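Thanks, everyone, for making the time.

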Amino acid sequence: MKSSNRWMILIAAVILAWMIPLGTTQAQIKNLNIGIGIDADTLNPQEQTTTLIQNICDLIFDTFFFVKPDGKLEPRLATEYKTSPDGLTWTLKLRQGVKFSDGTPLDAKAVKLSFDRALDPKLKVPLRFAITMVQECLVVDEHTIQLKLKYPFAPLDQTLAMTLVAPISPAAIQKYGEDVRQHPVGAGPYLLKEWVKGDRIVLVRNDSYWGPKPTVEQLTFKVVPEVATREAMLRAGQLDICYKPSPANVAALKAEPAVKVEMPLSTRTIFMALRGDRPLMKEKLVRQAFNYAVDKKAIVKKILFDTAEPMDGTVSPILFGYAKMEPQYDYNPEKAKELLKQAKWDSNQVVKIGSPQGRYLFDTQVAEAIQAQLQAVGVKTELRVMDWPTYMSTVYKPLEQSEFDMVLLGWGPLIMDADMALYGQFTTAVYPPKGLGSAFYSNPKYDEIMEKSRLEQDPAKRKELLIQASKIIWEDCPWLWLHVEKFVIAYSSKIQGMVVTPTEKFYPQYVKMGK
Amino acid sequence: MFQYTVRRLISTIPVLIGISLLLFVMLRALPGDPALVLAGQMASPEDIELIRVQLGLDQPIHVQYAKFMSRLAVLDLGRSARTQNPVMEEIWARLPNTFLLATTAITLACLLGIPAGIVAAVKPYTRVDYLVTSFSLFGISMPVFWLGLMLVVVFSVTLHWLPAGGIGTWKHVVLPTVTLASFVVAFIARMTRSSMMEVLSQDYITTARSKGLMEKVVIVKHALRNALIPIITVVGLQFGSLLGGAVLTETVFAWPGMGRLIVDSILARDYTMIQGSILIFGLLYILVNLVVDLIYAYVDPRIHYD
Amino acid sequence: MQEQGVQVTSIPRGSESRLRKGLAKLFRNRMAVFGGILILGYLVTAILAPVLYPGNPSAPNLMRSLERPSLEHPLGTDELGRSILGRMIYGSRVSLMISIGVVCVGLLVGVPLGLVSGYYGGKVDFVLQRITDMLLAFPGFLLALALVAILGVGINNTVISIGISMVPIYIRLVRGCVLSVREQVYVEAARAVGTRDLKILKRHILPNVMVPIIVQTSLGMGTAILFAAGLGFLGIGVQPPTPEWGAMLGSGRGYIFNSPHVATFPGIAIFLAVLGFNLLGDGLRDALDPRSKI
């Protein structure tokens, strides 16, 4: 009797122990509602311009490598890579047995086709500059490709984590042609189920996905342009995840027990480009004075509600090549006045400031604060605010047509490497109209170091070069160094295990639902 | 009647061509280069140029217009510069939503506005009248987006009764409908009131009353019928403009309709999309006016078209 | 019927007495008087703004941002630490300037075109009316929005855009009135004795068109404020740091859950000002032009 009882208890205990995890976490989640601000224009990964839509593409296509929350790379569609000693040939091993969601095998030929398309000058690829170093893609065997480069480019592994080069199913390209942007077929954990223009994008689980099976069956991205409404929907339980809530309400959302907020530092820096081609901004002392005149800490705290960090180096701290710079341009109006005096600043001159509206977090408010703080040290200013399209066509106009001396802009490197910021903004190679060097900065010494850094294969030495280059511009102040944005995402506190990366992306496919 | 309808439809063609020409010239005057906007901040000058060529923006404006018109002749509005999708398809995705919201809002506004206007007209300068007038003024004076946000805060966030935004169930329709109707109802109530007051002062109403007809019969059968024409005009006008999309309401309630589409296209400098949606809108507006005219003839047998 | 009689026989001199009678009637209308008081308060605030709020309403003070209402800042502070009361007081100036500017554009362009169109008829009328048709085929707000996109943001362009969007309304209104007067006996008579067109327009026609114009203007001032606020809400109206109620409400909505006062007070201000113009406009119409159905 007794022993059988004991057995019964034991069995019950085993059953219970087995059931408990099931009770606390639901293994299968039917659907997650995600509120986003804009509808997708295209779901072709090669035609992307915004991070958010690239994020959705990642879920459909998967990438060669994946940037983990700690910034390190994880192999996905590619398992390993080798670099030739001269740095001009990269050999990439593809994961075996992977199929696109339509059943087409993901082999070297398919990858080559996608690369060829990304490099085809006849096709629209807005972010192509990120892969301009690639000469061509060669098929070695069924599961191996080789990338031939025009010049060595050390952070190419980071580049291969970009949505831009995610392989597209060749069968889908054949079937839909350019309309593949409406009918995306990739090898990712999800496939497109429904796309109701202006309202929602619905993804369902891809049952033939090569990796671990996602716990969430369906992801519904709802287009909610008004941020206050988006937050209201999260609070009302209509949304499970709210993409980029207003920084002003982050504190309140955090205080809400039903909501969790994450905000890792992003790669995007916000700055005022002090245009070197404008007479008023020519003097280094003036540019330094401006940097001392603006209280960046107050801006971050009061206007951005700590959803950003003041810049203490030339790039975001999470990038390879970052270093904290000395001296720091801490808020010091007295020093600013002194420097202006040294530079013989004529206080009757009016500095024309430009700012977009609604492009970056509280952009106009930031510009207004800067305007007021410059005025406080005796610099007359005039602020003009424009909508983004008008602004964009004004900012890069040459000297004689431009109306601005300083412009508020943001620059978010797409890979975790300082090259895209330091090369892409300050070398003579990107001096407008050739490129997008917003500060119209040109310095032969700086160019030399940056070119050298691109040839350097040893990461430690390359990092040293990037820091050396940073020191030059930190001293020269082609920018008014403002802040590094954080990527804010709020979601139901029931959700556990959300993956949020420093590249401003989030991956909800393996989350669990607590009680 | 049929002949009249056909004639009216044909006469809309020059107006539409005029609109298209006006639009074409106006759009090209917009500051901001569409290719630059489409390419994004990080695109190279070569890619921007490529996009410009793809959009046909490198050609002289009259060539662009000729191309646009020749496509239009076969009812092709071209492809959106932003999404590369046929403009027709994009509009079709939004039009039913706009139509739904416009219909519910105008229905609600009629159901509230016409009776309220009648009551106010029957008992002018009484408390009821003041109440109706105050409420309708309230609706006209309130910034719609503010009202919308308040409704969201109260009914979605605090009370959790209704969804704050999006489409799907009947519940999603309630708040945007109420927001829009609060504005429209005012026009309808005011028009009903003044139109009814005028009719009620007419001789034949006095006659009808003196014949001992019930007040209800007098009001509904004799007065309302005669007061209906201006009311229908207002309802038609309001419905027509609701079809153009209630930009602000759609923004607040994340309603994927025509208004939002037009605003987003303007902000993205998507020329083909703006042209297409505004042309379709102009056509709809003209059609609504035609229907209103035809309803006149139905309501008032004295009106004949021919 | 009686009122209709008045209108038919009304000749220029009659319209003056009608105006006087109407004003007396207006003052008996409690709601219109209330509207008038609202507008008067609004005007006084706008004129006396520097006296009422001596500080600079646009100077940020980041350390004091988003404070709740207090003695020092009776309506609290906004996201840049500026007094909301101060900004609202100065905002009344901006809104007033906008509404006056808009109505001026509407009147200056719309009234002459309407007069010409109605008085001369013929080809001029046909062309003008087709253009009006086209413009009227768009809801006013959408038209204003498109124009702002073309002209660019800022206070002047906001005024011009909203103003132009109102022009077709004035053209229609004035043309309709002119048509109803044109064939009147006294106009025919004036024409028969060879009075110049300009004189006829000025002396006989314009006075008869005045009343509906006055009513429409009062209502139009309210609409102008609402339109400007809507553009400000979408972020393409008057630009910061100019304190405009709509833009204040637009940027304040970002703080609606935390600091609702930032959006609430400008919302109330817009509502009251527009209400004032509507009440007054309604009263004017009832008093001066009871038959019109604007």
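In this predicted model, 42 residues of chain B are in contact with 36 residues of chain A. On the side of chain B that touches chain A, the elements that give two or more residues are helix 2, helix 3, helix 5, helix 7, helix 11 and helix 12 of chain B, and the largest share, five residues, comes from helix 3 of chain B. By class, that side of chain B has 22 nonpolar, 13 polar and seven charged residues.

Chain A is also touched by chain C, in a contact that takes 19 residues from chain C and 21 residues from chain A. Here the side of chain C divides into 11 nonpolar, six polar and two charged residues.

Staying with chain C, let me turn to helix 8, residues 155–182, and helix 10, residues 197–234, whose axes lie 10 Å apart and which pack at an angle of about 155°. Because angles over 145 degrees count as roughly antiparallel, helix 8 of chain C is described as roughly antiparallel to helix 10 of chain C, and their crossing is right-handed. Helix 8 of chain C brings residues including C:Ile162, C:Met166 and C:Leu173 to this contact, while helix 10 of chain C brings, among them, C:Val209, C:Gly220 and C:Phe227. The contact has 17 nonpolar, four polar and no charged residues.

Finally, confidence: chain B averages a pLDDT of 82, with 96% of the residues scoring at least 70. Within chain B, confidence is lowest in helix 2, at a mean of 74, and highest in helix 5, at 90.

How values were computed. Residues are numbered from 1 along each chain as its sequence is written. Chains are lettered from A and ligands numbered from 1 in the order in which they are written. This is a predicted model: local features need pLDDT of at least 70, side-chain atom pairs count only at pLDDT 80 or more; totals for chains, interfaces and linings use all residues. Two residues are in contact if their C-beta atoms, placed from the backbone, lie within 7 Å. Ala, Val, Leu, Ile, Met, Phe, Trp, Tyr, Cys and Pro count as nonpolar, Asp, Glu, Lys and Arg as charged, and the others, Gly among them, as polar. pLDDT is the predictor's confidence in each residue, from 0 to 100. Helices (H or I, at least four residues) and strands (E, at least two) are DSSP runs, numbered from the N terminus. Axes are lines fitted to C-alpha atoms, for helices over the stretch in contact, and angles run from 0 to 180 degrees between N-to-C directions. Angles under 35 degrees count as roughly parallel, over 145 as roughly antiparallel, 65 to 115 as roughly perpendicular and the rest as oblique. A crossing is left-handed if the near helix is turned anticlockwise from the far one by less than a right angle, and right-handed if clockwise.
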